[in-house]
Amino acid sequence: MNPYIQYMYSYPHKTAYRPLTGVRFCDYVSALAGKGHGLYLHIPFCQSKCGYCNLFSVTGMGQEEIDKYLDTIRRQSAQYEEVLESVQTEFSELVIGGGTPLFLTERQLEQMFNIVEQHFRFSQKRELVVETAPNQTTKEKLTILKQAGVSRVSMGIQSFSDRELKTLKRQHTAQKAREALELIKTCDFPCINVDFIYGIPGQTETSLLDSLKEALRFEPEEIFLYPLYVKHGARMEREGVVLEPEAIFAQYQAARAFLWAEGYRQDSMRRFVRQKVARVFSECGFGTSIGLGCGGRSYLGNLHFCSPYVITRSACIECLKDYESTKDFMEITHGILLSEQEQKRRYLIRHLLIRPGLNRSRYQALFGKDVLEEFPVLHEWMKQGFVELQDEFGEATYFALTDVGLGFSDYIGPKLISEEVNKAMHEWETIYGQTYDFISRKS
């Protein structure tokens with residue numbers, strides 16, 4: 001059994017989205033009424049494209065091009081602000097991702113924060129999360145983050161081995177990552193998160209644990225461990241890199257045991273949290289958020305939308321041009337409208353793969369049926385030792401992944417994809433994937 005089928009960070013995947021007509025943002029804005037919503041800002045610029053990356057990001061952009069992008073975000077924000085005021089929207093979370101947000105200059109970073117502060121209303125105790133990378137982490141830029149009230153800084157290190165970083169086509173060195181972490185620590189952010197990758201060709205359990213041991217010297221609140229995927233359209237795929245699932249899984253088990261022994265609780269297959277941070281149930285199946293920028297995804301009830309999913313640099317640049325030429329941001333042109341059955345699947349996936357798990361009574365209250373009746377595959381997974389019923393917090397019963405089940409999250413999650421969504425994803429791979437293969441061969 002291959003544990004690594006697909007990373008289910010959301011559902012449905014963007015490759016299942018299709019063109020939409022007659023859909024207007026203002027017709028769905030009621031989903032954003034009142035408090036408790038999320039705002040995501042996508043900054044798609046990077047110094048270079050990592051070997052494993054197939055996300056929406058572009059390289060080689062100068063300050064003028066980034067300024068034009070920020071001006072478009074301001075226009076989009078102004079149009080959204082006018083509609084959001086009608087329902088008194090208040091955001092409790094702002095996440096700025098990419099790309100590499102700190103690729104922006106100090107002036108551009110200040111402009112970016114000014115845009116969101118000017119056009120959106122936030123709760124007093126909002127969460128503000130920013131992603132960064134070692135080469136772009138400077139004292140001056142961190143000072144701007146601190147002044148903006150950033151509560152969580154997330155940095156992709158991936159490895160403290162220069163050889164492994166070179167294999168991944170990362171541009172920073174291990175020493176640069178150390179220096180960046182030292183700088184971040186001096187700013188005393190409430191939460192520091194660092195990302196690492198396992199399954200890198202040539203990596204061993206020993207070298208992986210050496211990286212994690214070094215990371216613990218900086219006492220991060222959270223560590224995310226990502227298995228390496230050679231994704232369609234990524235540079236490592238074109239180079240013919242072949243992965244070994246059994247070796248990757250052995251590295252995962254070694255890393256998990258090490259972090260557990262060092263006082264880190266496992267909340268998902270990828271997320272490890274220092275035990276002092278309390279675990280709480282957070283309902284995320286119906287979470288509402290809007291995305292700003294090209295590549296930012298929005299969730300408004302049963303409507304999910306974003307710009308078309310593209311991979312190559314040329315396609316990303318074309319998508320950027322389309323975004324920057326948009327006049328009416330109220331028109332939603334690409335996304336998916338979820339049926340009730342798809343919403344049930346999303347709710348199950350979003351909760352089962354993250355501890356404490358799926359609240360059984362809450363599912364019953366929302367959908368009028370017991371989740372075991374709706375998804376009998378849970379019976380099978382309980383027999384296999386992947387899922388168990390747990391009494392969490394002494395007040396509710398949860399379907400939760402066991403310690404064994406957590407390691408098979410990327411096998412379990414894809415089993416819950418509907419036939420319709422699987423078909424749409426396969427169509428994307430067949431039609432658009434061939435296009436990208438042709439472009440890659442030409443370039």
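Entry 1, core. I looked up the largest nonpolar core and found 118 residues in it. By nonpolar core I mean a set of buried Ala, Val, Leu, Ile, Met, Phe, Trp, Tyr and Cys residues joined through side-chain atoms within 4.5 Å. Buried is under 20% relative accessible area, exposed is over 50%, and partly exposed is in between, with a 1.4 Å probe and protein chains only. Phe 25, Tyr 80, Phe 113, Phe 120, Leu 212, Ile 290 and Leu 352 have the most contacts inside this core. Helix 1, residues 63-84, gives the core its largest share, seven residues. Helices are DSSP runs of H or I with at least four residues, numbered from the N terminus.

I note the basis here: this is a predicted model, in which local features need pLDDT of at least 70 and side-chain atom pairs count only at pLDDT 80 or more, while totals for chains, interfaces and linings use all residues. Residues are numbered from 1 along each chain as its sequence is written, and side-chain values use heavy atoms, with hydrogens and water left out.

I listed the contacts of Ile 290 (heavy atoms within 4.5 Å), leaving aside its neighbours within four places in sequence. The list includes Phe 25, Tyr 80 and Phe 120, along with Leu 32, Leu 39, Leu 84 and Arg 297. I also found a second, separate core of eight residues, with Cys 50, Tyr 52, Leu 228 and Met 236 among them.

How many disulfides does the structure hold? I found zero, taking a disulfide as a pair of cysteine sulfur atoms within 2.5 Å. For Cys 46 the nearest cysteine sulfur is that of Cys 53, 6.5 Å away; Cys 46 is buried at 11% relative accessible area.

I counted 21 aromatic pairs. Rings of Phe, Tyr and Trp (its six-membered ring) pair if their centres lie within 6.5 Å; planes under 30 degrees apart are stacked, over 60 edge-to-face, and the rest tilted. Phe 224 and Tyr 226 are stacked because their centres are 6.1 Å apart and their planes are at 20°. Phe 224 is buried at 15%, whereas Tyr 226 is partly exposed at 23%. Tyr 198, Phe 249, Tyr 252, Phe 386 and Phe 408 form one aromatic cluster.

Methods
Helix = DSSP H or I, 4+ residues; strand = E, 2+ residues; numbered from the N terminus.
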